[in-house]
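Subject: Handing over a structure

Hello,

I am passing a structure on to you, and I hope you enjoy looking through it. Please open it first, and then read my notes below.

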Amino acid sequence: MAAFHCIQALRVPSRTHVFFPIGDQNRYNIINKKQRGFLVFASADKKSDKEIYLKSKVETLLDSVKWDDKGLAVGIAQNIDTGAVLMQGFVNSDALATTISSQKATFYSRSRSALWTKGETSKNFINVHDIYLDCDRDSIIYLGKPDGPTCHTGSETCYYTSVPDLLENKQVDGNKLALTTLYSLETIISERKAELALPQIGKPSWTKRLLLDHDLLCLKIREEADELCRTLEDNEDQARTADEMGDVLYHAMVLMAVKGVKIEEVLEVLRKRFFQSGIEEKRSRG
């Protein structure tokens with residue numbers, strides 16, 4: 001999003017919501033007369049050729065989106081680290097321009113006929129790191145990091161109602177989120193950790209044993225890491241490598257549960273290293 005820092009947002013006294021296409025402040029489109037005035041335009045500072053080019057590109061981008069007959073497109077917010085779909089709303093050109101300039105997920109409320117930034121009331125903003133359009137350019141994804149729960153119910157995401165559970169008349173649990181494989185595994189390990197305080201019922205649990213025996217856990221991590229390396233040294237097939245990597249991930253995630261570290265924290269660390277040399281990163285550790 002650093003490329004869009006040259007775009008600024010300025011509130012104006014008028015009650016007309018106006019969007020000035022970037023690069024031509026003399027031409028404008030009235031978006032909604034009920035909304036507060038809001039101008040998106042170029043900085044008054046002397047502009048470089050690169051800045052002018054970027055502003056022109058943003059205008060072209062907004063024009064390229066296939067807005068529906070009401071000037072809207074579907075907008076989806078997704079956690080940049082976990083991949084969890086946080087929420088879905090609707091976006092117009094002004095909402096997308098505002099998101100680009102503010103780096104806060106902004107949508108258009110059809111009921112209020114106004115823009116709204118997620119978190120403006122709860123302070124649980126979604127800080128946008130990247131934006132994607134789909135192949136038809138009629139839906140938008142905000143990839144971002146939420147400051148807190150996204151759903152108004154207090155749930156981490158708005159997607160916690162399982163259709164199979166509804167069909168089986170099970171009660172909806174706001175903590176049962178739509179999770180991918182890695183996060184489902186993390187949830188299971190967390191449940192086993194919570195069960196340690198309860199009397200053991202049923203079959204013994206390998207995960208519980210590892211959670212309690214830290215020497216055994218560390219032994220298994222070293223053992224599984226060695227077996228993973230052997231798949232390379234002994235030129236074993238890809239299926240064997242995937243199998244051993246699965247063992248390494250599982251045992252490492254049990255250790256993370258012992259330490260109270262979430263997989264999301266690890267992924268965030270990795271994301272922040274994307275634009276840093278691995279050699280420089282190691283040097284920075286002292």
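How many helices and strands does the secondary structure of the chain come to? The chain has nine helices and 10 strands, where helices (H or I, at least four residues) and strands (E, at least two) are DSSP runs numbered from the N terminus. Please keep in mind that this is a predicted model, in which local features need pLDDT of at least 70 and side-chain atom pairs count only at pLDDT 80 or more, while totals for chains, interfaces and linings use all residues. Residues are numbered from 1 along each chain as its sequence is written, and side-chain values use heavy atoms, with hydrogens and water left out.

**The chain as a whole**

Of the 286 residues, 34% count as buried; buried means under 20% relative accessible area, exposed means over 50%, and partly exposed is in between, with a 1.4 Å probe and protein chains only. A contact here means heavy atoms within 4.5 Å. Among the contacts in the chain with a separation of 6 or more, 49% come from residues 24 or more positions apart.

Two strands pair if DSSP finds at least two bridges between them. Within this pair, Thr106 has Thr117 as its bridge partner, and Tyr108 stands opposite Leu115. The two strands form a hairpin with four residues between them, and Ser113 in the turn has a positive phi of about 50 degrees.

Are the faces of β7 covered or open? Both are covered: Thr106 and Tyr108 on one side are buried, and so are Phe107 and Ser109 on the other.

**Aromatic rings**

Phe107 also belongs to an aromatic cluster, together with Trp116 and Tyr142. The structure holds two aromatic pairs; rings of Phe, Tyr and Trp (its six-membered ring) pair if their centres lie within 6.5 Å, and planes under 30 degrees apart count as stacked, over 60 as edge-to-face and the rest as tilted. Another ring to look at is Phe125: Lys104 lies over its face, at 5.1 Å from the ring centre. A charge sits over a ring if NZ of Lys or CZ of Arg is within 6 Å of the ring centre and within 35 degrees of the ring normal.

**Pocket and cavity**

The largest pocket has a volume of about 580 Å³. It is lined by 23 residues, and those closest to its centre are Glu156, Leu177, Leu179, Tyr183 and Thr187. Helix α4 (residues 181–195) gives the largest share of this lining, with five residues.

There is also one cavity of 30 Å³ or more, and about 30 Å³ of space lies in the largest cavity. Its lining consists of Tyr160, Thr161, Ser162, Asp165, Gln171, Val172, Asp173 and Lys176.

On a 1 Å grid over the protein atoms alone, a cavity is a set of points where a 1.4 Å probe fits but cannot get out, and a pocket is an open set with protein on both sides within 12 Å along at least five of seven lines; lining residues have an atom within 4 Å of a point. Grid points are joined across faces, edges and corners, and a volume is the space filled by probe spheres set on the points.

**Some single residues**

Asp165, one of the cavity-lining residues, is found in helix α3 (residues 163–167). Asp165 counts as buried because its relative accessible area is 12%. Leaving aside residues up to four places away in sequence, Asp165 touches Lys170 and Lys176.

Lys220 lies in helix α6 (residues 214–233) and is buried too, at 15% relative accessibility. With the neighbours up to four places away again left out, Lys220 touches Trp206, Leu210 and His251.

Ser93 lies in helix α2 (residues 93–102) and is buried at 16% relative accessibility. The C-alpha atoms of Ser93 and Gly71 are separated by 7.5 Å, with the two residues 22 apart along the chain.

Finally, most residues other than glycine have a negative phi. Gln103, in the loop between α2 and β7, has a positive phi near 60 degrees and is partly exposed at 22% relative accessibility. Asn169, in the loop between α3 and α4, has a positive phi of about 60 degrees and is exposed at 71%.

Best wishes
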